Amino acid sequence: RMSWWDLAKRHKGKIIAGGAIIGGALAVTIGMNQKRMESPQDETGLQARRHYVFDANQSACDESIRELAPSIFRTVQARFNVEALTRQLQEGNLSTEKKIEVWNELKMTVMGRLVCISHALSLLTLTLKAQISILAADIVTLNRGTSKNSGWLSWAPTSMNALIGGGKEEMSAEDRRRNDTARQVFLRSIEFFTQTGVLELAQVVEDVVREELKEVRLDEIRDSEEVLALLTSLSMKVAAKAVPLSAYVAPIDKEDTSRDSVTLLLRRLVVLLDGEQCRETRGRLVHFFLSATTRSIGRGPLANQLSSLSSSFSSLSNLGLDSPLENSLCSSDVHRFAIHAFNAPPL
């Protein structure tokens with residue numbers, strides 16, 4: 001039987017690769033605003049606790065997504081280097097044949113960048129929502145024995161700490177240490193996605209875009225809806241090829257039957273990411289992001305629209321209050337998926 005540490009060692013360079021600590025994900029409940037811990041003393045029932053734990057941790061999860069999103073943008077931006085191609089065209093010393101070649105490469109790179117970032121942001125969001133929901137559900141399970149007379153102020157800090165460490169009083173120090181480490185390894189699986197999974201996803205996007213855009217002419221006239229339809233068609237083909245989704249986040253051996261803490265947590269994540277509700281939610285999120293990129297597109301030849309499409313990447317990377325990412329975190333679809341993950345039974 002493989003222990004949690006054996007699993008971590010086996011996937012060294014994958015699940016816990018890189019060594020960079022993802023602050024928001026690891027410290028998702030550390031530094032919680034104490035005011036949010038205050039709640040009416042009479043709301044001590046399990047259902048009230050479930051609502052409290054869910055809401056508090058989803059808020060912290062949103063902050064983690066905001067912290068991780070810039071690294072995703074940088075990776076996708078570098079992988080689909082629109083700026084380098086634009087500079088080549090601006091230099092003005094290219095032959096006609098070379099200009100056509102660069103323009104076609106620009107077409108594929110701009111489209112690929114938008115499709116890739118839409119899928120990457122969607123998967124980042126759903127992965128962290130699933131992870132935090134899994135751990136938040138465990139908080140409720142661990143604290144079912146808490147006295148109803150203890151009150152929120154005494155109960156909440158203990159339950160929040162349970163995401164990374166702690167648990168029932170009866171747990172030994174060694175068990176608490178193992179649970180603590182298991183949860184940290186579990187949360188750090190997002191590092192595999194941000195450092196490796198995104199690049200693997202980008203390769204799928206590039207393959208699809210190069211195949212599908214070969215016959216798409218730069219002088220073809222389109223309006224914004226037709227451009228969106230083209231991006232959506234590319235996205236659907238990417239979705240069909242980029243399966244299973246869990247492979248980009250938690251590349252574990254699905255035949256592994258060990259029951260250590262890390263394996264069980266990762267299996268729960270895999271089941272959620274590869275489930276129908278995640279696929280449907282991912283599709284709606286991707287469409288939402290792609291729609292945001294075509295709002296300012298006027299009718300005209302595709303060559304003229306590439307500049308606006310390229311600029312729309314900057315609007316997606318904006319993390320302001322009314323940004324596409326911020327609005328997506330308020331999505332009812334994302335909320336339903338988080339509730340689904342929170343209510344999912346343990347394996």
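Where is the place of Pro244? In this predicted model, in which local features need pLDDT of at least 70, side-chain atom pairs count only at pLDDT 80 or more, and totals for chains, interfaces and linings use all residues, Pro244 is found in the loop between α9 (224–241) and α10. Residues are numbered from 1 along each chain as its sequence is written, and side-chain values use heavy atoms, with hydrogens and water left out. The peptide bond leading from Val243 to Pro244 is cis, and its omega is near -10 degrees. Most peptide bonds are trans.

Of the 347 residues in the protein chain, 51% are buried, where buried denotes under 20% relative accessible area, exposed over 50%, and partly exposed the range in between (1.4 Å probe, protein chains only). The protein chain exposes about 15900 Å², of which carbon and sulfur atoms supply 51%; accessible areas come from the Shrake-Rupley method with a 1.4 Å probe, and for residues only the protein chains shown count as cover. When contacts (heavy atoms within 4.5 Å) between residues at least 6 apart in sequence are considered, 84% join residues at least 24 apart.

Helix α10 (residues 261–273) comprises 13 residues and reaches 19 Å from its first C-alpha to its last, close to the 18 Å expected at 1.5 Å a residue; the expected span is 1.5 Å times one less than the number of residues. Because eleven of its 13 residues are buried, α10 is largely enclosed by the rest of the structure. Among the buried residues of α10 are Arg267 and Arg268, together with Leu264, Leu265 and Leu266.

Individual residues of other helices were also examined. Arg49, placed in helix α3, is buried with a relative accessible area of 7%. The C-alpha atom of Arg49 is separated by 9.6 Å from that of Ile139, 90 residues away along the chain. Leu187 belongs to helix α7 (residues 173–187) and is buried, its relative accessible area being 1%. Between Leu187 and Ile132, 55 residues apart in sequence, the C-alpha to C-alpha separation is 8.3 Å. Lys98, in helix α5, is partly exposed, with a relative accessible area of 31%. Lys98 and Gln88 are ten residues apart in sequence, and their C-alpha atoms are 9.9 Å apart.

The second largest pocket holds about 310 Å³ of space. On a 1 Å grid over the protein atoms alone, a pocket is an open set of points where a 1.4 Å probe fits, with protein on both sides within 12 Å along at least five of seven lines, and lining residues have an atom within 4 Å of a point. Grid points are joined across faces, edges and corners, and the volume is the space filled by probe spheres set on the points. Twenty residues line the second largest pocket, with Val82, Thr86, Leu306, Ser307 and Ser310 lying nearest its centre. Helices α3 (46–79), α4 (82–91), α5 (96–142) and α12 (302–317) each supply at least two lining residues, and α12 provides the largest share, eight residues.

Technical notes: Helices (H or I, at least four residues) and strands (E, at least two) are DSSP runs, numbered from the N terminus.
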